[in-house]
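Biologist: Could you take a close look at the pockets of this protein for me, and describe what lines them?

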Amino acid sequence: MAFWSCNSGEKGEASIEAGGIEKIVLVFEDSVTQEFFQQRKAVFKFLDDNHLPVEILPSSKDLGIALVISTYRENLDLVYRDNSQVEFTYFLQKGDSILIQVKDKKPWLTSINKELSPYHYNLELLRNNELYGKPYSKAQDFYFLWNETKSLPFELDMNEDLKRNKDEAIQGFQKEVVWKDSITKAGLLTQEIKKFYSSKNRLEQKKLEAYDPESLQINTKMAVNSILETDQSQLANSVYLDEFSELIITNQTQEESKALIDSLIAGDDLNFIEKSLLFHHLQKEVPYLSFKDADEFLGLYEDLLANYAQLIHLNSFNKTLQALEPNIELMGLQNSLGNFKELLDQKNGKYLYVDLWAAWCIPCIKAFPAALALNEEYKSRGVEVIFLSVDDNYKFWEEVANKYDIAIPGQSFVALKKKESEYLKALNVAQIPRYLIFDPAGKLIHPNAPRPDTEEIKLFFNTILQN
C-alpha cells in the first residue's frame with residue numbers, strides 16, 4: 001500500500017503478530033484483490049491521532065506488505081471510496097488484523113485474529129444489500145443526483161426529483177434504525193458498533209436536512225447547529241464528522257466562516273467539533289495569504305488548534321515552497337532560453353507579479369487586460385508583471401501571447417520541462433489562473449496573490465510599497 005500521511009506510520013510483513021495492542025493491521029488477500037482496487041482508483045481514509053486525514057492508495061509495488069496503523073485510540077473509522085462513487089465506512093478497533101478481500105465486486109473486510117460476525121466490519125455494505133438491494137444507500141442516491149445537478153452547465157429543473165430522493169433517504173434512515181436493532185438482538189452486532197453507526201446516521205439525517213433542493217444550496221446555519229449539537233462521544237475523531245465540518249466551511253463565504261469562528265472562540269474552551277471547524281477555516285484561508293500574513297494569522301489561533309501537528313500541517317505548503325529553488329526552465333520571445341532564477345536576478349530590485357496562464361484557460365485570458373493595466377499603473381513604483389505560460393504544448397504560445405497583447409520583451413515566457421520542475425509540482429500549476437509575488441530580493445512572498453482585477457491586489461501593493 002502507498003501511504004501518505006503527516007503522522008507516523010509503519011509498514012511490516014503481514015502477520016497476526018503485527019497487530020499489537022496499539023496497532024491496526026491491514027493487508028490485501030492477494031494480487032488479484034489489489035489489482036481490483038487499483039483499477040477502481042480506490043482510496044481508504046482515516047483520521048490519525050492528530051486529527052489529520054490519512055489516505056491509503058493500493059499500490060502493486062507494496063504487495064504483501066501490511067499497513068500498520070499505530071493509534072492510542074480504542075477505535076477508528078476507515079472510509080472506502082472509489083471511482084464508481086461507492087462509499088463504505090468500516091469501524092476498526094485497536095488490535096485488529098484485517099484481511100481486505102473482494103465480495104460481489106465490493107470491498108469486504110475479514111478479521112484474521114478474531115471470530116466475528118460479518119456485520120462487525122461490513123455493516124454498511126450488508127445494509128445496502130439487505131435494505132435497498134444495491135450498493136448505494138438512499139442518502140448516497142440523493143447526493144449523487146445533487147452533485148450531478150449542480151455540475152450541469154445549464155439549468156435543469158430537478159427540484160421534484162431531489163425532493164423525492166431526499167424524502168426516500170430520510171425514510172431509509174428510519175428503516176436502518178429498525179434493521180440495526182434486529183441484527184443486534186440476533187447477536188450479529190455489538191452494542192458499541194451499533195452506537196457508532198446510530199450516531200453517524202443521526203448526524204447524516206441532520207446533514208441531509210440542510211440540503212435545499214429548491215435553491216440547490218446548503219443551509220450552513222442549519223448544518224452548523226446540527227454539528228454543534230452532535231454527541232461527540234461516538235463520533236469524535238471520525239472521518240464523517242471531520243468531512244461534515246469541512247463541508248460547512250467550504251460552503252460558507254469568507255465573512256460567514258470568520259463570523260462562525262469568532263463566535264466559537266468567544267465562548268469557553270473549544271471542543272473537538274469546534275476545533276475541527278477552526279482547522280478547516282484556517283485550511284481554507286491560509287493558502288490565499290502572503291507568507292507574512294499567514295504566519296501572523298496562524299499565530300492568532302495556534303493555541304486553539306487540537307495539537308501542534310495541525311499547525312505544522314497548515315504551515316507545510318508555505319514552508320515547502322519557501323525551501324525550494326524556483327528551478328523552472330524558460331523560453332522567452334523569439335525562442336530565447338533561460339531559467340527563472342536568472343530572470344529573478346535580472347529583475348533584482350523589483351516586485352514581480354507572476355501571472356501563470358495557459359491558452360486553454362478562459363479566465364486567464366479574460367484577466368489579461370487587468371494584468372496589463374496593473375503593470376502600467378505600478379511599473380513606476382517598482383512592480384512588473386511577468387506572464388508565464390504553463391501550456392503543455394508550448395510551440396504556439398508566442399502566437400497566443402501576441403494575440404492577447406502580452407508578448408512584452410522580458411516579461412513574457414513559457415515554462416519548459418514542467419514535469420522536471422519540483423517547484424512547479426509544489427505549486428500545482430494545474431490550478432490556474434494563479435498569481436505569485438516575488439520581492440525585490442527574488443524571494444516568493446505570496447503563493448496565491450489576488451487577481452489583477454481586484455481592489456485587494458492594489459491594497460496589497462500600496463501597503464508593501466509604503467514600507
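**The pockets and their linings**

Modeller: In this predicted model, the lining of the largest pocket is made up of 15 nonpolar, twelve polar and six charged residues. The space in that largest pocket comes to about 1200 Å³. Its lining counts 33 residues, and those closest to the centre of the pocket are Lys 284, Glu 285, Pro 287, Tyr 288 and Asn 448. Several elements contribute at least two residues each to this lining, namely the helices α10 (272–285), α12 (308–323), α17 (422–427) and α18 (455–466), together with the strand β18 (434–438); among the contributors α12 gives the most, with five residues.

The second largest pocket has a volume of about 720 Å³. It is lined by 30 residues, of which Arg 81, Glu 87, Gln 140, Tyr 143 and Lys 207 lie closest to its centre. Sorted by class, the lining of this second largest pocket holds twelve nonpolar, six polar and twelve charged residues. At least two lining residues come from each of β8 (87–93), α2 (119–132), α3, α4 (159–185), α5 (191–209) and α8 (239–250), and the largest share, eight residues, is supplied by α3.

Helix α3 spans residues 138–151 and includes Glu 148. Glu 148 counts as partly exposed because its relative accessibility is 39%, which falls between the 20% limit for buried and the 50% limit for exposed. As for its place in the chain, Glu 148 is 201 residues away from Gly 349, and the C-alpha atoms of Glu 148 and Gly 349 are separated by 50 Å.

Definitions and conventions. Residues numbered from 1 in each chain as written. Predicted model: local features only at pLDDT ≥ 70, side-chain atom pairs only at ≥ 80, totals over all residues. Heavy atoms only, no water. Helix = DSSP H or I, 4+ residues; strand = E, 2+ residues; numbered from the N terminus. Buried < 20%, exposed > 50% of the residue type's maximum accessible area, 1.4 Å probe, protein only. 1 Å grid on protein atoms, 1.4 Å probe; cavity = no way out; pocket = protein on both sides within 12 Å on 5 of 7 lines; lining within 4 Å. Points joined across faces, edges and corners; volume = space filled by probe spheres on them. Nonpolar A, V, L, I, M, F, W, Y, C, P; charged D, E, K, R; others polar.
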